[in-house]
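Here is my note on the structure, written as numbered points. Please keep the sequence and the 3D view open while reading, and follow each point on the chain.

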Amino acid sequence: ANQDRPYTLSEALRETQYAVDKLYRHDIFTERPSISIDRPDPTDPSSTPTDIDVYISARERSRLTFKTGTEAGNTEGSAFTNLTLRNIFGGAESLDLNAS
């Protein structure tokens, strides 16, 4: 976010955690993304001594999930299929198709 003064480390961590939580709520990652912080390369002319590098590592879930199953009772039986397409267009969309 734009602000009139530089971020403190605590504020940067809080903002980064907020962004990661927001990403995780889309339900397209296998586990919560992890955050790593490092100092920038001192030979990089665009960096200053107060800069930090923030890395977010995430593993995306499979885009396609297909499930099938059957149920049988005394004189009844049924079958079902479920197809889920995740992150179809890259914007965390999902499409669920069910049949029974």
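**Notes on a predicted model**

1. Arginine 32 forms a salt bridge with aspartate 21, and the closest N and O atoms of the two are 2.7 Å apart. The pair links distant parts of the chain, since arginine 32 belongs to the loop between helix 1 and strand 1 while aspartate 21 sits in helix 1, eleven residues away. Aspartate 21, with 26% relative accessibility, counts as partly exposed.

2. Which residue does the side chain of arginine 61 meet in a salt bridge? The partner is aspartate 27, with an N to O distance of 3.3 Å. This pair, too, links distant parts of the chain: arginine 61 is in the loop between strand 2 and strand 3 (64-72), aspartate 27 is in the loop between helix 1 and strand 1, and 34 residues separate them. Arginine 61 is partly exposed at 28% relative accessible area, and aspartate 27 is partly exposed at 41%.

3. A further salt bridge joins glutamate 60 to arginine 63, where the closest N and O atoms are 3.8 Å apart; this distance falls within the 4 Å limit, so the pair is counted. Glutamate 60 is partly exposed, at 35% relative accessible area, and arginine 63 is partly exposed as well, at 43%. The total count of salt bridges comes to three.

4. In general, an α-helix has 3.6 residues a turn, so residues three or four places apart point the same way.

5. The surface also carries a nonpolar patch of about 540 Å², made by Leu9, Leu13, Leu23, Ile37, Ile52, Val54 and Ile56. Helix 1 (9-24) and strand 2 (53-57) are the elements that give two or more residues to the patch, and helix 1 gives the most, with three. Isoleucine 52 lies in the loop between strand 1 (34-38) and strand 2; its relative accessible area is 36%, so isoleucine 52 is partly exposed.

Definitions and conventions:
Residues numbered from 1 in each chain as written. Predicted model: local features only at pLDDT ≥ 70, side-chain atom pairs only at ≥ 80, totals over all residues. Heavy atoms only, no water. Patch = residues over 30% accessible without salt bridge, like charges linked within 9 Å, V, L, I, M, F, W, Y side chains within 5 Å. Areas by Shrake-Rupley, 256 points an atom, 1.4 Å probe, with all protein chains shown as cover. Helix = DSSP H or I, 4+ residues; strand = E, 2+ residues; numbered from the N terminus. Buried < 20%, exposed > 50% of the residue type's maximum accessible area, 1.4 Å probe, protein only.
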